[in-house]
Amino acid sequence: MGPSLSRPVAARPTSSPTRTWPKASIRAALREAVSAAGLQMADLTDLPGARVCAGLAGARLPGMADAFANRLPFPAQVVDDSVTALAGALGGADGTLASLGTGSFFIRKAAGSIRHVGGWGAQLGDEGSAAWMGRRALSLSLRVADGRLPDDPLAQALIAATPPHPVLFARAASPGDFAQLARLVLRHADTPMAKRLIADTCTALSDGVRDVGHRPGEALVLTGGLGDLLRPHLPTELRAACRPPLGRPLDGALSLARGLP
C-alpha cells in the first residue's frame, strides 16, 4: 500500500455550489497532501490504485454527490459528511452518531445499511443544534422583554449580546452567530429560562436518537461543540449510554477510501 494522503477541505455545496466546486481550495489541499507524502501533483496520474473518498455537507441532496464527483480531477466516492463522521466516530462498526454542533444530524449504521435523520440546515431543521438553541433563546428573551415571561438573567445577557436590538441582530445573523448564543445559555444553566432551553434540546436529542432507529445496547456517540457542553445536563440514562468517538471524520473518510475496490 502506498502513502496515505489526507487533508480536510471546507466545502459546502448546498450553501454555494458555484463557489465550492474543486478549484483553488481543493487543488491546494491536494498539493499539500501529495507534498507531505513526498510526491508531486503529476504523480497522481501514475497512481492507478489511488482511492478517494470525500465527505461533503449537503451531498444527500439529489444529484449533488454525482455533480461534485464529476468535477473532480480524479475518480472519487462522494458521500455526505455525516457518513464520514459516522465511520470515524464508530471505527466502521454499527451504531448511532448524534452530532450537535452549529447544525445537527443523526445517523445510524446497522447490518450494512445507513439511515439519516435531520441535517437539513438551519432554515428548515437542525433541531437540537447550537443555532437552533440560540435562535430559540433569543426569541424567548423578547417574550421576557414583553412581560410575557418572568424576568431572567439569561434574557438580559442575550439582549446585551445582540445590540442594538435582537430583531436587527437576527436579520443579518448566520447560523454560526446564533450558535454563539447557545454558549450564553449554558453559562446561565441555573436560570429558569436556560433550564427550559436545555430541556428542550435534550428532548430534541432523544427524539433524533429514537427516530434514527437507535436501540438500547447499541453504540451511541455524541459529538459536536454543543454535544460536549450539553453532556453534563443529559438525562442519566442517555448520558450513561454515550461513549467518546473513536476517531475524526477525516479518519472515517480514509477508512472508506481504503475499502473502495
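The largest nonpolar core in this predicted model comprises 40 residues, and within that core Val185 and Leu205 have the most contacts. Strand E3 (95–100), helix H5 (130–145), helix H6 (153–160), helix H8 (175–187), H9, strand E6 (220–223) and helix H10 (225–230) are the elements that each give two or more residues to this core. Apart from it lies another core, made of 13 residues, among them Val83, Ile107, Ala219 and Val221. In soluble globular proteins, nonpolar side chains tend to be buried together.

**The E4–E5 hairpin**

- Strand E4 (residues 104–110) and strand E5 (residues 113–118) pair in the antiparallel sense, and six bridges join the two strands.
- The two strands form a hairpin with two residues between them, and Ala111 in the turn has a positive phi of about 55°.
- Ile107, which is among the residues of the 13-residue core, stands opposite His116 in E5.
- In a regular strand the side chains alternate between the two faces of the sheet.

**The second largest pocket**

- The volume of the second largest pocket is about 170 Å³, and its lining is made up of Val209, Arg210, His214, Arg215, Pro216, Gly217, Leu220, Glu237, Leu238 and Ala241.
- Helix H9 (192–211) and helix H11 (236–241) are the elements that give two or more residues to the lining of this pocket, and H11 gives the most, with three residues.
- Sorted by class, the lining of the second largest pocket has five nonpolar residues, three charged residues and two polar residues.

- Ala257 is found in helix H12 (residues 249–258), and Ala257 counts as buried because its relative accessibility is 8%, whereas the cut-off for a buried residue is under 20%.
- Leaving aside its neighbours within four places in sequence, Ala257 is in contact with Arg51, Val52 and Cys53.
- Ala257 and Ala54 are 203 residues apart along the chain, and their C-alpha atoms are separated by 8.6 Å.

Note on methods: Residues are numbered from 1 along each chain as its sequence is written. This is a predicted model: local features need pLDDT of at least 70, side-chain atom pairs count only at pLDDT 80 or more; totals for chains, interfaces and linings use all residues. Side-chain values use heavy atoms; hydrogens and water are left out. On a 1 Å grid over the protein atoms alone, a cavity is a set of points where a 1.4 Å probe fits but cannot get out, and a pocket is an open set with protein on both sides within 12 Å along at least five of seven lines; lining residues have an atom within 4 Å of a point. Grid points are joined across faces, edges and corners, and a volume is the space filled by probe spheres set on the points. Helices (H or I, at least four residues) and strands (E, at least two) are DSSP runs, numbered from the N terminus. Ala, Val, Leu, Ile, Met, Phe, Trp, Tyr, Cys and Pro count as nonpolar, Asp, Glu, Lys and Arg as charged, and the others, Gly among them, as polar. Two strands pair if DSSP finds at least two bridges between them. A nonpolar core is a set of buried Ala, Val, Leu, Ile, Met, Phe, Trp, Tyr and Cys residues joined through side-chain atoms within 4.5 Å. Buried means under 20% relative accessible area, exposed over 50%, partly exposed in between (1.4 Å probe, protein chains only). Contact means heavy atoms within 4.5 Å.
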